[in-house]
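The sequence and structure are shown first, and the description follows.

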Amino acid sequence: MKELLRSNDPVLLSFVESLMAGEGIAFHQLDLHTSMVEGSIGALPRRIMVRKEDLGRAQAVLRDVGVLPEAAFRDD
């Protein structure tokens with residue numbers, strides 16, 4: 001799995017999840033429970049992870065809708 005996005009903005013996370021589901025790209029949200037345990041103050045970001053082979057396509061979807069600038073994409 002590769003990290004597609006890291007954010008503590010629940011609206012952005014929901015939007016990205018909706019985009020991934022709409023494109024048929026499997027994803028997992030990590031750190032959701034950790035974020036809830038810390039009291040929902042939003043200090044701990046959650047991560048959207050996708051399969052390595054889907055990373056390029058997922059990044060293209062985000063780029064096409066203007067969610068993130070291309071420079072923000074990670075490929076490590």
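## Fold and core of the protein chain

Buried residues account for 32% of the 76 residues in the protein chain. The model is predicted. Its protein chain contains three helices and three strands, and from the N terminus on these elements follow the order β-α-β-α-β-α. Of the contacts between residues at least 6 apart in sequence, 61% join residues at least 24 apart.

The elements with stated residue ranges are listed below.

| Element | Residues |
|---|---|
| Strand β1 | 2-7 |
| α1 | 10-23 |
| Strand β3 | 46-50 |
| α3 | 55-65 |

Strand β1 is mostly covered, since five of its six residues are buried. β1 pairs with strand β3 in the antiparallel sense, over five bridges. Within this pairing, S7 stands opposite R46 of β3.

The largest nonpolar core comprises 15 residues, and L4, L5, V16, M20, V50 and L62 are those with the most contacts inside it. At least two residues of this core come from each of β1, α1, β3 and α3.

Which residues does L5 touch, not counting those up to four places away in sequence? L5 touches L12, L13 and V16, as well as R46, R47, I48 and L68. Both L5 and V16 are among the core residues with the most contacts inside the core.

Note on methods: Residues numbered from 1 in each chain as written. Predicted model: local features only at pLDDT ≥ 70, side-chain atom pairs only at ≥ 80, totals over all residues. Heavy atoms only, no water. Helix = DSSP H or I, 4+ residues; strand = E, 2+ residues; numbered from the N terminus. Buried < 20%, exposed > 50% of the residue type's maximum accessible area, 1.4 Å probe, protein only. Contact = heavy atoms within 4.5 Å. Pairing = 2+ DSSP bridges. Core = buried A, V, L, I, M, F, W, Y, C linked by side-chain atoms within 4.5 Å.
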